[in-house]
Every structure is written in structure tokens, then in C-alpha cells.
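This note sets out a few points for a colleague who is new to the structure. Please read them with the model in view.

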Amino acid sequence: SGQFGFEGFNRSYLTEGAEQLVNGRVRQTNFAAFGLQELSNDRVSVQFGGRIEHNKYKPINTAEYNERSFTGFSGAAAARFRLWEGGAFIANFTSAYRAPALEELYNNGAHIGTVTFEIGDQTLTRERSTGIEFSLRQQLKRLRLNGSFFTYNIDNFVFLAPQAVDGDGNIDVEDNLPIGAYSQRDARFTGVDISADFDINNWLSAFMSADYVDAKLKNDGGPLPRITPLRFRGGMDFRYKGLSVRPELILVGSRNLDNVFELE
């Protein structure tokens with residue numbers, strides 16, 4: 001079984017006023033074609049798919065921005081093996097392409113959403129990531145368990161780097177916001193996550209999850225900015241007819257100063 005399709009959109013992007021990020025209008029054209037196929041029997045299922053995507057950015061009525069165009073292919077393959085009753089092992093391989101976003105190319109202003117004065121880079125190139133992921137899952141009548149391990153190598157990874165152009169050792173500030181410039185370096189991501197859900201009875205269940213990711217620059221081994229530390233989430237779900245009450249506890253680990261990005 002499988003499916004294939006086409007999709008696309010035209011975007012007309014314009015910001016005005018005190019929170020203007022791009023000077024003038026930018027038109028984005030996107031088009032993609034994709035296909036996904038699955039072969040399966042009682043014990044093994046195999047999926048493979050691909051996607052080719054084109055993005056074009058065309059600034060209107062301004063000479064300070066360059067027109068950019070990107071076309072790339074992404075492919076993936078996965079296999080699911082039934083081990084025992086309710087148990088399965090899943091392996092995934094991906095080679096993914098991503099074009100720089102419009103904001104990463106052209107932003108130059110205060111972005112309240114990221115609490116940063118963002119500076120784009122019109123010379124950014126595409127990202128290419130190659131990764132593998134392994135998962136072990138167990139589903140019983142009342143219990144569901146999942147554990148995953150993943151590692152990704154990303155060429156030309158785009159990230160928002162804090163800036164200290166004046167060299168005083170502190171992050172530069174503009175409009176009362178720290179300045180961050182979009183940059184691009186090769187990176188590696190490795191991480192694990194686990195989750196469990198348990199139905200105690202028809203009206204009460206418990207859940208928990210934990211995740212950790214180690215993200216480094218490949219050339220010098222330094223950490224990337226804005227990477228989430230070790231996290232744990234646990235809670236209960238009380239259900240009565242149409243009412244659900246779901247208290248949660250979230251615990252987040254700390255990071256040492258030698259394990260954060262420079263100036264972060």
C-alpha cells in the first residue's frame with residue numbers, strides 16, 4: 001500500500017510598524033512532490049518514501065535583498081519488526097533536505113516571539129541531515145512503553161548565535177533585546193527519549209516521559225545554543241464523563257557553564 005501527492009503554496013510576507021522584521025514584501029513560492037510505500041506481513045513491515053521540494057524567495061520593491069531559490073530531495077526508509085505479543089522494534093534511516101526559512105534569510109529587527117533582535121543571512125545554504133533512529137515499543141491492554149535512541153549529522157545547520165561585536169564579553173543589545181545572528185555550521189545531535197502510560201482503571205491513568213539530547217558543533221565540539229537540558233514529565237489523568245483533570249509535574253535539569261554556547 002502507499003500514497004503519493006503534490007502540494008504547494010504562495011506566500012506574500014509583509015511586516016509593518018514597530019515590530020517590522022523585513023523591509024518590504026517578500027513572495028515565497030513552494031512546490032513539492034512526494035511518495036510513500038509500505039510492504040508488510042504478519043511480522044515485518046517496511047516503509048520507504050521520498051520528497052522533492054522547491055522554494056523560491058523573491059523580494060519586492062527593494063534592492064537590499066537578493067532573490068534565492070532552493071531545490072532538494074529527502075528520502076527515508078524504515079522497518080518494523082514484531083518481536084512478541086504487543087512488542088515491536090523499529091529502525092529508521094533518513095536523509096533530509098531543508099531550505100533556509102524566509103525569516104532566517106531576511107529578518108533584521110526585534111522578534112518578540114524569540115525574545116531576540118534577529119539578524120538574517122542572505123548567503124545561507126541548504127541543510128542536509130543524515131540520521132538513524134531505533135525504537136522499542138510495548139503495548140499491553142493497560143500499559144504502553146516506548147524507548148528511542150537517535151543520532152543525526154547535519155551539514156550546514158542553521159542556528160541563532162548570540163552576538164558580541166564590540167568584544168566586551170557581553171551579548172550586544174538592540175531595542176532592549178539581545179542580538180542574535182543566523183549562522184551555519186556542521187552539527188551532530190544524539191539523544192534518547194522514553195515514555196510510559198498506564199491505565200489504572202477506567203477513570204484514572206498515569207503517564208511519564210523523559211528525554212535528553214546532546215547537540216554539538218562538529219569542528220570544535222562546542223555546544224549549540226538553545227538546546228533543552230534533561231527533562232522529566234509525570235502526572236495523572238482523572239476522567240469523569242466529559243471532564244478531564246490532568247495535573248503534571250515537569251522537572252528540568254541544569255547545564256554547566258562549560259556546556260552552553262558562548263555568551264549564552
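1. Phe4 stands opposite Gly35 in strand E2. The two belong to an antiparallel pairing in which twelve bridges join strand E1 (residues 2-13) to strand E2 (residues 25-40). Strands here are DSSP runs of E with at least two residues, helices are runs of H or I with at least four residues, and both are numbered from the N terminus; two strands pair if DSSP finds at least two bridges between them.

2. This is a predicted model, in which local features need pLDDT of at least 70 and side-chain atom pairs count only at pLDDT 80 or more, while totals for chains, interfaces and linings use all residues. Residues are numbered from 1 along each chain as its sequence is written, and side-chain values use heavy atoms, with hydrogens and water left out.

3. E2 continues into a hairpin with E3, with three residues between the strands. Their antiparallel pairing runs over 16 bridges, and Val26 has Pro59 as its bridge partner in E3.

4. E3 (residues 44-60) is also joined to E4 (residues 68-84) by 14 bridges, again antiparallel; here Val46 is partnered by Ala79 in E4. E4 in turn pairs with E5 (residues 87-98) in the antiparallel sense over nine bridges, with Ala77 opposite Phe93 in E5. Two residues lie between the strands of the E4 and E5 hairpin, where Gly86 takes a positive phi near 80°.

5. The largest nonpolar core has 16 residues, and Val22, Val26, Tyr57, Phe70, Leu102, Leu105 and Tyr106 touch the most other members. Helix H1 (102-106) and strand E9 (143-162) are the elements that give two or more residues to this core, and H1 gives the most, with three. Such a core is a set of buried Ala, Val, Leu, Ile, Met, Phe, Trp, Tyr and Cys residues joined through side-chain atoms within 4.5 Å, where buried means under 20% relative accessible area (1.4 Å probe, protein chains only).

6. Val26 touches, not counting residues up to four places away in sequence, several residues including Arg11, Tyr57, Pro59, Leu102 and Tyr106 (contact means heavy atoms within 4.5 Å). A second, separate core of 13 residues includes Ile154, Phe157, Ala161 and Phe189.

Notes. Buried means under 20% relative accessible area, exposed over 50%, partly exposed in between (1.4 Å probe, protein chains only).
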